[in-house]
Amino acid sequence: MLQALLDPWKEPLNVRALVEVLLLGATGGALGCWIVFYRLAYSAESLAHALLPGLVIAALAGFPLIIGGAAGLVVAAVAVALAGRTPAIGHDTAVAVVVTGLLGLGALLALAPETPARLQELLFGDVLGVTDADLALAAALGAVVLGALVLLHPSLLLVGFDRSSAPALGRAPAVVDVALGVLVALAILVAVQGLGNLLVVAVLVAPAAAARRVTRRVPTMMAAAVAIAVASGIAGLYASFYLDTAGGASIAGALVLAYGAAHAVGGTVRRAAQRSGTFRRRS
Amino acid sequence: MLDRIAVSEDVPMPEAPRPLAAPGAAVACEGVVLAYGARTVLRDLSFAVRPGERAAVLGPNGGGKTTLFRALTGELQPVAGRVVAPARCGVVPQTERSRLDFPVSALDVALMGAVSRLPWWRRPGRAERARARAALERVGLGAQVEETFGDLSGGQRQRVLLARALVQDAGVLLLDEPFSGLDTRSAELVMGLLDDLADEGRAILVATHDVDQARAWDLVLCVNGVQVAFGPPERTLTLPTLERTYGGAIVELPGSGHGVLPPHHHDH
(Lines give C-alpha, C1' and ligand atoms only; values in the text may rest on other atoms or scores of the structure.)
Protein backbone atom coordinates (compact mmCIF):
# COMPACT_ATOMS: atom_id res chain seq x y z
CA MET A 1 0.00 0.00 0.00
CA LEU A 2 2.72 2.43 1.07
CA GLN A 3 4.70 1.34 -1.97
CA ALA A 4 1.72 2.12 -4.17
CA LEU A 5 1.48 5.59 -2.62
CA LEU A 6 5.18 6.28 -3.14
CA ASP A 7 5.57 4.76 -6.60
CA PRO A 8 4.44 7.79 -8.64
CA TRP A 9 7.00 10.10 -7.00
CA LYS A 10 9.97 8.11 -8.27
CA GLU A 11 9.65 9.89 -11.58
CA PRO A 12 10.86 13.52 -11.69
CA LEU A 13 8.02 14.21 -14.13
CA ASN A 14 5.46 13.35 -11.47
CA VAL A 15 7.35 15.25 -8.76
CA ARG A 16 7.26 18.39 -10.90
CA ALA A 17 3.54 17.80 -11.43
CA LEU A 18 3.14 17.50 -7.65
CA VAL A 19 4.90 20.84 -7.08
CA GLU A 20 2.72 22.42 -9.75
CA VAL A 21 -0.39 21.05 -8.03
CA LEU A 22 0.74 22.47 -4.66
CA LEU A 23 1.30 25.90 -6.22
CA LEU A 24 -2.02 25.83 -8.06
CA GLY A 25 -3.85 24.60 -4.97
CA ALA A 26 -2.48 27.33 -2.71
CA THR A 27 -3.10 30.12 -5.22
CA GLY A 28 -6.42 28.89 -6.59
CA GLY A 29 -7.85 27.83 -3.24
CA ALA A 30 -7.17 31.13 -1.47
CA LEU A 31 -8.08 33.42 -4.37
CA GLY A 32 -11.10 31.27 -5.17
CA CYS A 33 -12.76 32.36 -1.92
CA TRP A 34 -12.86 35.94 -3.19
CA ILE A 35 -14.02 34.74 -6.62
CA VAL A 36 -16.94 33.05 -4.87
CA PHE A 37 -17.70 36.04 -2.60
CA TYR A 38 -17.52 38.54 -5.44
CA ARG A 39 -19.52 36.22 -7.74
CA LEU A 40 -16.75 36.29 -10.34
CA ALA A 41 -16.88 32.62 -11.41
CA TYR A 42 -18.42 33.48 -14.77
CA SER A 43 -15.91 36.28 -15.40
CA ALA A 44 -12.99 34.03 -14.43
CA GLU A 45 -14.19 31.25 -16.71
CA SER A 46 -14.73 33.71 -19.54
CA LEU A 47 -11.24 35.17 -19.21
CA ALA A 48 -9.68 31.71 -19.09
CA HIS A 49 -11.49 30.61 -22.26
CA ALA A 50 -10.88 33.83 -24.14
CA LEU A 51 -7.11 33.73 -23.83
CA LEU A 52 -6.87 30.70 -26.15
CA PRO A 53 -5.81 32.69 -29.26
CA GLY A 54 -2.91 34.13 -27.25
CA LEU A 55 -1.80 30.65 -26.22
CA VAL A 56 -2.09 29.29 -29.76
CA ILE A 57 -0.16 32.18 -31.29
CA ALA A 58 2.58 31.79 -28.65
CA ALA A 59 2.74 28.04 -29.35
CA LEU A 60 2.98 28.67 -33.11
CA ALA A 61 5.60 31.39 -32.76
CA GLY A 62 7.63 29.48 -30.21
CA PHE A 63 7.18 32.05 -27.42
CA PRO A 64 6.67 30.97 -23.82
CA LEU A 65 2.97 30.19 -23.35
CA ILE A 66 2.73 32.53 -20.39
CA ILE A 67 3.50 35.53 -22.60
CA GLY A 68 0.86 34.48 -25.11
CA GLY A 69 -1.58 33.88 -22.28
CA ALA A 70 -0.93 37.33 -20.81
CA ALA A 71 -1.42 39.01 -24.19
CA GLY A 72 -4.58 36.96 -24.76
CA LEU A 73 -5.93 38.06 -21.35
CA VAL A 74 -5.36 41.73 -22.12
CA VAL A 75 -7.09 41.43 -25.51
CA ALA A 76 -10.00 39.52 -23.94
CA ALA A 77 -10.40 42.04 -21.11
CA VAL A 78 -10.41 44.99 -23.52
CA ALA A 79 -12.83 43.23 -25.90
CA VAL A 80 -15.22 42.40 -23.05
CA ALA A 81 -15.04 45.96 -21.71
CA LEU A 82 -15.78 47.43 -25.15
CA ALA A 83 -18.58 44.97 -25.98
CA GLY A 84 -20.14 45.51 -22.55
CA ARG A 85 -20.57 49.21 -23.32
CA THR A 86 -23.32 48.53 -25.87
CA PRO A 87 -26.41 49.09 -23.71
CA ALA A 88 -28.79 47.11 -25.94
CA ILE A 89 -26.76 43.89 -25.55
CA GLY A 90 -26.08 43.71 -21.83
CA HIS A 91 -22.89 42.63 -20.12
CA ASP A 92 -23.51 38.86 -19.88
CA THR A 93 -24.37 38.55 -23.55
CA ALA A 94 -21.41 40.71 -24.56
CA VAL A 95 -19.07 38.47 -22.56
CA ALA A 96 -20.56 35.32 -24.11
CA VAL A 97 -20.17 36.71 -27.64
CA VAL A 98 -16.57 37.84 -27.10
CA VAL A 99 -15.56 34.60 -25.37
CA THR A 100 -17.13 32.34 -27.98
CA GLY A 101 -15.53 34.41 -30.72
CA LEU A 102 -12.07 34.27 -29.19
CA LEU A 103 -12.32 30.57 -28.31
CA GLY A 104 -13.39 29.86 -31.88
CA LEU A 105 -10.56 31.96 -33.28
CA GLY A 106 -8.09 30.08 -31.09
CA ALA A 107 -9.43 26.71 -32.26
CA LEU A 108 -9.33 27.87 -35.88
CA LEU A 109 -5.69 28.90 -35.56
CA ALA A 110 -4.73 25.70 -33.77
CA LEU A 111 -6.50 23.44 -36.25
CA ALA A 112 -5.11 25.12 -39.36
CA PRO A 113 -3.39 22.31 -41.33
CA GLU A 114 0.13 23.70 -41.34
CA THR A 115 0.30 24.18 -37.54
CA PRO A 116 1.44 21.60 -35.02
CA ALA A 117 -1.40 19.78 -33.26
CA ARG A 118 -1.05 21.07 -29.72
CA LEU A 119 -4.60 22.26 -29.31
CA GLN A 120 -5.45 19.48 -26.88
CA GLU A 121 -2.58 20.43 -24.61
CA LEU A 122 -3.65 24.07 -24.61
CA LEU A 123 -7.29 23.29 -23.93
CA PHE A 124 -6.79 20.64 -21.28
CA GLY A 125 -3.33 21.43 -19.96
CA ASP A 126 -0.28 19.26 -19.53
CA VAL A 127 0.39 19.03 -15.83
CA LEU A 128 2.91 16.23 -16.43
CA GLY A 129 4.80 18.31 -18.97
CA VAL A 130 5.74 21.32 -16.83
CA THR A 131 9.41 22.31 -16.79
CA ASP A 132 11.50 23.70 -13.94
CA ALA A 133 11.22 27.14 -15.54
CA ASP A 134 7.41 26.81 -15.60
CA LEU A 135 7.46 25.93 -11.92
CA ALA A 136 9.70 28.87 -11.02
CA LEU A 137 7.35 31.24 -12.83
CA ALA A 138 4.28 29.67 -11.25
CA ALA A 139 5.90 30.01 -7.82
CA ALA A 140 6.74 33.67 -8.41
CA LEU A 141 3.25 34.57 -9.67
CA GLY A 142 1.65 32.51 -6.91
CA ALA A 143 3.70 34.37 -4.30
CA VAL A 144 2.59 37.70 -5.77
CA VAL A 145 -1.08 36.63 -5.66
CA LEU A 146 -0.90 35.29 -2.10
CA GLY A 147 1.07 38.31 -0.84
CA ALA A 148 -1.47 40.67 -2.40
CA LEU A 149 -4.32 38.70 -0.81
CA VAL A 150 -2.74 39.16 2.63
CA LEU A 151 -2.32 42.92 2.12
CA LEU A 152 -5.74 43.43 0.55
CA HIS A 153 -7.63 41.21 3.00
CA PRO A 154 -9.34 43.99 5.05
CA SER A 155 -10.27 45.90 1.89
CA LEU A 156 -11.60 42.81 0.08
CA LEU A 157 -13.64 41.89 3.15
CA LEU A 158 -15.09 45.39 3.54
CA VAL A 159 -16.05 45.91 -0.12
CA GLY A 160 -17.38 42.37 -0.49
CA PHE A 161 -19.50 42.64 2.64
CA ASP A 162 -20.88 46.16 2.29
CA ARG A 163 -20.08 47.74 -1.06
CA SER A 164 -22.31 50.79 -0.50
CA SER A 165 -20.57 51.85 2.73
CA ALA A 166 -17.03 51.09 1.57
CA PRO A 167 -16.32 54.59 0.16
CA ALA A 168 -17.23 56.19 3.50
CA LEU A 169 -14.79 53.78 5.16
CA GLY A 170 -12.04 54.83 2.80
CA ARG A 171 -12.01 51.96 0.31
CA ALA A 172 -13.14 52.63 -3.26
CA PRO A 173 -14.94 49.52 -4.60
CA ALA A 174 -13.68 50.19 -8.13
CA VAL A 175 -10.03 50.05 -7.01
CA VAL A 176 -10.59 46.83 -5.07
CA ASP A 177 -12.47 45.31 -8.04
CA VAL A 178 -9.61 46.11 -10.41
CA ALA A 179 -7.01 44.73 -7.98
CA LEU A 180 -9.01 41.50 -7.64
CA GLY A 181 -9.41 41.30 -11.42
CA VAL A 182 -5.65 41.55 -11.89
CA LEU A 183 -5.08 38.81 -9.29
CA VAL A 184 -7.62 36.55 -11.03
CA ALA A 185 -5.81 37.14 -14.33
CA LEU A 186 -2.46 36.25 -12.73
CA ALA A 187 -3.91 33.10 -11.16
CA ILE A 188 -5.33 32.03 -14.52
CA LEU A 189 -1.88 32.47 -16.06
CA VAL A 190 -0.38 30.30 -13.31
CA ALA A 191 -2.99 27.60 -13.65
CA VAL A 192 -3.52 27.48 -17.40
CA GLN A 193 -0.26 25.65 -17.99
CA GLY A 194 -1.23 22.74 -15.77
CA LEU A 195 -4.95 22.55 -16.33
CA GLY A 196 -5.47 24.11 -19.74
CA ASN A 197 -7.82 26.92 -20.51
CA LEU A 198 -11.00 24.84 -20.35
CA LEU A 199 -10.32 23.28 -16.94
CA VAL A 200 -8.50 26.11 -15.18
CA VAL A 201 -11.66 27.52 -13.65
CA ALA A 202 -12.16 24.25 -11.73
CA VAL A 203 -9.28 25.04 -9.36
CA LEU A 204 -10.44 28.66 -8.98
CA VAL A 205 -14.04 27.88 -8.04
CA ALA A 206 -14.58 24.31 -6.85
CA PRO A 207 -12.29 24.30 -3.74
CA ALA A 208 -13.67 27.61 -2.45
CA ALA A 209 -17.26 26.58 -3.14
CA ALA A 210 -16.62 23.29 -1.32
CA ALA A 211 -14.95 25.07 1.62
CA ARG A 212 -17.90 27.49 1.87
CA ARG A 213 -20.16 24.53 2.61
CA VAL A 214 -18.16 23.30 5.60
CA THR A 215 -16.79 26.48 7.25
CA ARG A 216 -18.30 29.57 8.89
CA ARG A 217 -15.49 32.17 8.79
CA VAL A 218 -13.36 33.62 6.01
CA PRO A 219 -9.89 32.58 7.29
CA THR A 220 -10.96 28.97 7.96
CA MET A 221 -12.68 28.89 4.60
CA MET A 222 -9.46 29.95 2.87
CA ALA A 223 -7.42 27.33 4.72
CA ALA A 224 -10.01 24.66 3.90
CA ALA A 225 -10.11 25.71 0.24
CA VAL A 226 -6.32 25.41 -0.07
CA ALA A 227 -6.39 21.99 1.63
CA ILE A 228 -9.21 20.76 -0.61
CA ALA A 229 -7.46 22.05 -3.74
CA VAL A 230 -4.12 20.43 -2.85
CA ALA A 231 -5.72 17.13 -1.80
CA SER A 232 -7.82 16.99 -4.97
CA GLY A 233 -4.76 17.79 -7.06
CA ILE A 234 -2.77 14.95 -5.49
CA ALA A 235 -5.73 12.58 -5.83
CA GLY A 236 -5.98 13.56 -9.50
CA LEU A 237 -2.28 12.78 -10.02
CA TYR A 238 -2.68 9.33 -8.44
CA ALA A 239 -5.70 8.67 -10.64
CA SER A 240 -3.74 9.78 -13.67
CA PHE A 241 -0.80 7.50 -12.70
CA TYR A 242 -2.75 4.35 -11.93
CA LEU A 243 -5.73 4.69 -14.27
CA ASP A 244 -3.70 6.28 -17.05
CA THR A 245 -6.14 9.16 -17.38
CA ALA A 246 -5.29 12.70 -18.53
CA GLY A 247 -3.63 14.68 -15.71
CA GLY A 248 -5.56 17.96 -15.97
CA ALA A 249 -8.92 16.27 -16.44
CA SER A 250 -8.28 13.90 -13.48
CA ILE A 251 -7.51 16.87 -11.21
CA ALA A 252 -10.58 18.78 -12.41
CA GLY A 253 -12.68 15.66 -11.81
CA ALA A 254 -11.29 15.24 -8.28
CA LEU A 255 -12.05 18.92 -7.53
CA VAL A 256 -15.66 18.50 -8.59
CA LEU A 257 -15.98 15.29 -6.54
CA ALA A 258 -14.59 17.18 -3.53
CA TYR A 259 -17.26 19.83 -4.01
CA GLY A 260 -19.96 17.15 -4.16
CA ALA A 261 -18.66 15.58 -0.96
CA ALA A 262 -18.48 18.94 0.85
CA HIS A 263 -21.99 19.77 -0.30
CA ALA A 264 -23.32 16.54 1.21
CA VAL A 265 -21.28 16.87 4.42
CA GLY A 266 -22.18 20.56 4.81
CA GLY A 267 -25.89 19.84 4.45
CA THR A 268 -25.74 17.01 7.00
CA VAL A 269 -23.76 19.07 9.53
CA ARG A 270 -26.14 22.01 9.15
CA ARG A 271 -29.23 19.88 9.62
CA ALA A 272 -27.74 18.16 12.67
CA ALA A 273 -26.75 21.51 14.17
CA GLN A 274 -30.21 22.93 13.56
CA ARG A 275 -31.77 19.95 15.31
CA SER A 276 -29.50 20.37 18.33
CA GLY A 277 -30.10 24.14 18.33
CA THR A 278 -26.46 25.21 18.03
CA PHE A 279 -27.04 26.73 14.60
CA ARG A 280 -29.39 29.57 15.40
CA ARG A 281 -31.19 31.58 12.79
CA ARG A 282 -33.29 34.26 14.36
CA SER A 283 -35.47 36.99 12.82
CA MET B 1 -10.33 91.78 15.91
CA LEU B 2 -13.68 93.53 15.74
CA ASP B 3 -12.23 96.01 13.32
CA ARG B 4 -11.23 93.28 10.91
CA ILE B 5 -14.70 91.80 10.92
CA ALA B 6 -16.19 95.21 10.22
CA VAL B 7 -13.75 95.77 7.37
CA SER B 8 -14.46 92.41 5.79
CA GLU B 9 -18.19 93.18 5.82
CA ASP B 10 -17.71 96.58 4.23
CA VAL B 11 -15.25 95.46 1.59
CA PRO B 12 -16.29 92.05 0.21
CA MET B 13 -13.53 90.17 -1.54
CA PRO B 14 -14.87 88.87 -4.83
CA GLU B 15 -12.29 86.06 -5.15
CA ALA B 16 -13.13 84.46 -1.80
CA PRO B 17 -15.66 81.60 -1.80
CA ARG B 18 -19.08 82.60 -0.54
CA PRO B 19 -19.07 82.01 3.23
CA LEU B 20 -21.31 79.28 4.57
CA ALA B 21 -24.58 80.21 6.17
CA ALA B 22 -23.40 78.55 9.37
CA PRO B 23 -19.68 78.72 10.05
CA GLY B 24 -18.45 75.85 12.18
CA ALA B 25 -20.97 73.43 10.68
CA ALA B 26 -20.02 69.74 10.75
CA VAL B 27 -22.11 69.07 7.64
CA ALA B 28 -23.63 71.60 5.32
CA CYS B 29 -25.09 71.97 1.86
CA GLU B 30 -25.31 75.22 -0.05
CA GLY B 31 -27.57 75.38 -3.09
CA VAL B 32 -26.85 71.72 -3.81
CA VAL B 33 -28.42 69.86 -6.72
CA LEU B 34 -28.03 66.06 -6.91
CA ALA B 35 -28.65 64.00 -10.02
CA TYR B 36 -28.06 60.56 -11.48
CA GLY B 37 -27.04 61.34 -15.04
CA ALA B 38 -29.71 63.60 -16.52
CA ARG B 39 -32.28 62.77 -13.80
CA THR B 40 -32.35 65.34 -11.00
CA VAL B 41 -33.17 63.63 -7.72
CA LEU B 42 -32.86 66.39 -5.14
CA ARG B 43 -32.44 70.17 -5.50
CA ASP B 44 -32.29 73.42 -3.53
CA LEU B 45 -30.49 71.82 -0.58
CA SER B 46 -29.24 74.45 1.85
CA PHE B 47 -28.79 73.44 5.46
CA ALA B 48 -26.13 73.14 8.14
CA VAL B 49 -25.80 70.80 11.11
CA ARG B 50 -23.29 71.74 13.82
CA PRO B 51 -21.34 69.36 16.05
CA GLY B 52 -23.54 68.00 18.82
CA GLU B 53 -26.77 68.47 16.88
CA ARG B 54 -29.12 65.66 15.92
CA ALA B 55 -31.08 66.12 12.70
CA ALA B 56 -33.88 63.98 11.30
CA VAL B 57 -34.06 63.73 7.51
CA LEU B 58 -37.71 63.22 6.70
CA GLY B 59 -39.18 62.31 3.34
CA PRO B 60 -41.06 59.68 1.36
CA ASN B 61 -39.40 56.71 -0.31
CA GLY B 62 -37.58 57.98 -3.39
CA GLY B 63 -37.61 61.49 -1.91
CA GLY B 64 -33.82 61.65 -1.96
CA LYS B 65 -32.79 60.75 1.61
CA THR B 66 -30.33 58.04 0.60
CA THR B 67 -29.09 60.18 -2.31
CA LEU B 68 -28.34 63.01 0.13
CA PHE B 69 -26.29 60.63 2.27
CA ARG B 70 -24.37 59.46 -0.79
CA ALA B 71 -23.48 63.08 -1.51
CA LEU B 72 -22.36 63.66 2.08
CA THR B 73 -20.05 60.62 1.97
CA GLY B 74 -18.56 61.89 -1.30
CA GLU B 75 -19.85 58.91 -3.27
CA LEU B 76 -22.00 61.21 -5.43
CA GLN B 77 -20.71 64.58 -6.65
CA PRO B 78 -23.28 67.43 -6.71
CA VAL B 79 -24.04 68.86 -10.14
CA ALA B 80 -24.38 72.30 -8.53
CA GLY B 81 -23.72 73.92 -5.17
CA ARG B 82 -21.30 73.09 -2.41
CA VAL B 83 -21.23 70.18 0.04
CA VAL B 84 -19.30 70.56 3.28
CA ALA B 85 -18.58 67.27 5.03
CA PRO B 86 -15.62 65.56 6.66
CA ALA B 87 -13.54 63.29 4.46
CA ARG B 88 -14.99 60.26 6.22
CA CYS B 89 -18.51 60.18 7.60
CA GLY B 90 -19.60 57.28 9.79
CA VAL B 91 -22.28 55.40 7.86
CA VAL B 92 -24.92 53.06 9.23
CA PRO B 93 -26.76 51.64 6.20
CA GLN B 94 -29.92 49.60 6.20
CA THR B 95 -28.80 46.09 7.05
CA GLU B 96 -30.41 44.72 3.88
CA ARG B 97 -27.70 46.47 1.88
CA SER B 98 -24.94 44.32 3.37
CA ARG B 99 -24.35 40.69 2.40
CA LEU B 100 -26.08 38.43 4.89
CA ASP B 101 -24.49 35.34 3.33
CA PHE B 102 -20.98 36.57 4.15
CA PRO B 103 -19.19 34.33 6.66
CA VAL B 104 -18.21 37.12 9.09
CA SER B 105 -18.75 37.51 12.83
CA ALA B 106 -20.15 40.60 14.55
CA LEU B 107 -16.57 41.36 15.60
CA ASP B 108 -15.33 41.11 11.99
CA VAL B 109 -17.96 43.66 10.93
CA ALA B 110 -17.24 46.07 13.80
CA LEU B 111 -13.54 45.77 12.98
CA MET B 112 -14.22 47.05 9.45
CA GLY B 113 -14.69 50.47 11.04
CA ALA B 114 -10.98 50.50 11.83
CA VAL B 115 -10.07 50.14 8.15
CA SER B 116 -10.85 53.80 7.47
CA ARG B 117 -8.09 54.89 9.84
CA LEU B 118 -5.45 52.47 8.58
CA PRO B 119 -3.37 52.71 5.41
CA TRP B 120 -4.52 50.09 2.91
CA TRP B 121 -1.60 47.72 3.52
CA ARG B 122 -2.07 47.60 7.31
CA ARG B 123 -4.24 44.99 8.96
CA PRO B 124 -6.26 45.80 12.08
CA GLY B 125 -4.27 44.69 15.13
CA ARG B 126 -4.81 44.05 18.82
CA ALA B 127 -5.71 47.68 19.65
CA GLU B 128 -8.35 47.79 16.91
CA ARG B 129 -9.82 44.47 18.05
CA ALA B 130 -10.13 45.82 21.59
CA ARG B 131 -11.93 48.91 20.30
CA ALA B 132 -14.27 46.79 18.19
CA ARG B 133 -15.14 44.66 21.23
CA ALA B 134 -15.75 47.80 23.32
CA ALA B 135 -18.01 49.21 20.60
CA LEU B 136 -20.06 45.99 20.51
CA GLU B 137 -20.35 46.13 24.33
CA ARG B 138 -21.59 49.68 24.02
CA VAL B 139 -24.40 48.73 21.63
CA GLY B 140 -25.39 45.91 23.96
CA LEU B 141 -23.95 43.04 21.95
CA GLY B 142 -21.07 42.01 24.23
CA ALA B 143 -22.42 38.45 24.25
CA GLN B 144 -22.79 38.21 20.45
CA VAL B 145 -19.22 39.16 19.49
CA GLU B 146 -18.47 35.82 17.84
CA GLU B 147 -21.89 35.25 16.26
CA THR B 148 -22.26 35.17 12.49
CA PHE B 149 -23.61 38.51 11.27
CA GLY B 150 -26.24 36.91 9.02
CA ASP B 151 -27.58 34.83 11.94
CA LEU B 152 -28.35 37.88 14.08
CA SER B 153 -31.80 39.50 14.20
CA GLY B 154 -32.44 42.64 12.15
CA GLY B 155 -32.16 44.85 15.22
CA GLN B 156 -28.92 43.21 16.31
CA ARG B 157 -27.44 43.59 12.84
CA GLN B 158 -28.37 47.27 12.88
CA ARG B 159 -26.51 47.65 16.18
CA VAL B 160 -23.45 45.83 14.81
CA LEU B 161 -23.33 48.35 11.96
CA LEU B 162 -23.65 51.14 14.52
CA ALA B 163 -20.71 49.60 16.42
CA ARG B 164 -18.74 49.68 13.17
CA ALA B 165 -19.42 53.44 12.93
CA LEU B 166 -18.32 53.83 16.58
CA VAL B 167 -15.01 52.10 15.81
CA GLN B 168 -14.62 54.46 12.87
CA ASP B 169 -14.96 57.31 15.37
CA ALA B 170 -16.18 59.84 12.78
CA GLY B 171 -17.36 63.34 13.68
CA VAL B 172 -20.46 62.95 11.54
CA LEU B 173 -22.79 59.95 11.68
CA LEU B 174 -25.28 59.19 8.90
CA LEU B 175 -27.92 56.60 9.76
CA ASP B 176 -30.32 55.30 7.10
CA GLU B 177 -33.60 54.36 8.79
CA PRO B 178 -31.94 52.80 11.82
CA PHE B 179 -35.24 52.21 13.60
CA SER B 180 -37.08 50.35 10.88
CA GLY B 181 -37.58 46.79 12.00
CA LEU B 182 -36.20 47.39 15.51
CA ASP B 183 -38.07 46.11 18.54
CA THR B 184 -38.83 48.71 21.23
CA ARG B 185 -35.89 47.72 23.42
CA SER B 186 -33.40 47.94 20.58
CA ALA B 187 -34.88 51.25 19.40
CA GLU B 188 -34.60 52.78 22.90
CA LEU B 189 -31.03 51.54 23.20
CA VAL B 190 -30.09 53.04 19.84
CA MET B 191 -31.88 56.33 20.68
CA GLY B 192 -30.00 56.62 23.98
CA LEU B 193 -26.74 55.86 22.23
CA LEU B 194 -27.34 58.54 19.59
CA ASP B 195 -28.03 61.07 22.38
CA ASP B 196 -24.72 60.12 24.02
CA LEU B 197 -22.87 60.41 20.71
CA ALA B 198 -24.34 63.87 20.10
CA ASP B 199 -23.31 64.90 23.62
CA GLU B 200 -19.78 63.84 22.70
CA GLY B 201 -19.88 66.50 19.98
CA ARG B 202 -20.82 64.48 16.92
CA ALA B 203 -23.29 65.68 14.31
CA ILE B 204 -25.93 63.03 13.69
CA LEU B 205 -28.22 62.77 10.67
CA VAL B 206 -30.93 60.14 10.70
CA ALA B 207 -33.08 59.35 7.69
CA THR B 208 -36.47 58.32 9.00
CA HIS B 209 -40.17 57.99 8.28
CA ASP B 210 -41.24 58.56 11.84
CA VAL B 211 -42.61 62.09 12.27
CA ASP B 212 -43.39 61.62 15.95
CA GLN B 213 -39.82 60.58 16.63
CA ALA B 214 -38.48 63.52 14.61
CA ARG B 215 -40.15 65.86 17.11
CA ALA B 216 -37.56 64.77 19.67
CA TRP B 217 -34.61 65.85 17.50
CA ASP B 218 -32.85 69.22 17.41
CA LEU B 219 -33.40 69.78 13.70
CA VAL B 220 -35.58 68.40 10.93
CA LEU B 221 -34.78 68.43 7.22
CA CYS B 222 -37.78 67.67 5.00
CA VAL B 223 -37.03 66.52 1.47
CA ASN B 224 -39.18 65.36 -1.42
CA GLY B 225 -37.15 65.83 -4.58
CA VAL B 226 -36.50 69.32 -3.27
CA GLN B 227 -35.70 70.70 0.17
CA VAL B 228 -39.14 71.44 1.61
CA ALA B 229 -38.06 72.77 5.00
CA PHE B 230 -35.19 72.87 7.45
CA GLY B 231 -35.15 74.00 11.05
CA PRO B 232 -36.19 73.04 14.56
CA PRO B 233 -39.14 70.62 14.75
CA GLU B 234 -41.63 73.18 16.06
CA ARG B 235 -41.14 75.20 12.84
CA THR B 236 -40.79 72.34 10.35
CA LEU B 237 -43.27 69.72 11.52
CA THR B 238 -46.35 71.67 10.54
CA LEU B 239 -49.25 70.32 8.53
CA PRO B 240 -48.49 72.38 5.36
CA THR B 241 -44.82 71.33 5.42
CA LEU B 242 -45.63 67.69 5.97
CA GLU B 243 -48.21 67.77 3.20
CA ARG B 244 -45.59 69.11 0.83
CA THR B 245 -43.06 66.53 2.07
CA TYR B 246 -45.37 63.57 1.69
CA GLY B 247 -47.36 64.81 -1.31
CA GLY B 248 -50.56 65.65 0.56
CA ALA B 249 -51.33 62.09 1.64
CA ILE B 250 -51.29 62.93 5.36
CA VAL B 251 -53.40 61.22 7.97
CA GLU B 252 -54.42 63.51 10.82
CA LEU B 253 -55.06 61.67 14.03
CA PRO B 254 -58.27 63.00 15.59
CA GLY B 255 -57.92 64.38 19.12
CA SER B 256 -54.14 64.12 19.24
CA GLY B 257 -53.44 67.85 18.92
CA HIS B 258 -50.82 68.18 16.21
CA GLY B 259 -50.38 64.44 15.92
CA VAL B 260 -49.74 64.19 12.23
CA LEU B 261 -48.44 60.98 10.73
CA PRO B 262 -47.28 60.25 7.24
CA PRO B 263 -48.81 57.27 5.49
CA HIS B 264 -47.05 54.07 6.38
CA HIS B 265 -44.38 53.39 3.79
CA HIS B 266 -43.09 50.17 5.19
CA ASP B 267 -44.49 46.77 5.47
CA HIS B 268 -41.91 45.52 7.94
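Predicted model: local features only at pLDDT ≥ 70, side-chain atom pairs only at ≥ 80, totals over all residues.

Student: Is R39(A) buried or exposed?

Tutor: R39(A) has 9 other C-beta atoms within 10 Å, and therefore it is exposed. R39(A) belongs to the loop between α2 (12-37) and α3 (41-50) of chain A.

Student: What should I look for in the backbone angles?

Tutor: Most residues other than glycine have a negative phi. R39(A), which is not a glycine, has a positive phi, near 50 degrees.

Student: Which value does phi take in D169(B)?

Tutor: Phi of D169(B) is positive, about 55 degrees, although this residue is not a glycine either. D169(B) is located in the loop between α5 (154-168) and β6 (172-176) of chain B. D169(B) counts as partly exposed because it has 16 C-beta neighbours inside 10 Å.

Student: How is an interface described, and how many residues of chain A and chain B are in contact?

Tutor: The size of an interface is often given as the accessible area lost when the parts come together. Here we count residues instead: 26 residues of chain A are in contact with 29 residues of chain B. On the chain A side, the elements that give two or more residues are α8 (132-161) and α10 (218-243). The most come from α8(A), with 8 residues.

Student: What is the make-up of that side by class?

Tutor: The side of chain A that touches chain B comprises 11 nonpolar, 8 polar and 7 charged residues.

Note on methods:
Residues numbered from 1 in each chain as written. Chains lettered and ligands numbered in written order. Contact = placed C-beta atoms within 7 Å. Helix = DSSP H or I, 4+ residues; strand = E, 2+ residues; numbered from the N terminus. Nonpolar A, V, L, I, M, F, W, Y, C, P; charged D, E, K, R; others polar. Buried ≥ 20, exposed ≤ 12 C-beta atoms within 10 Å, placed from the backbone.
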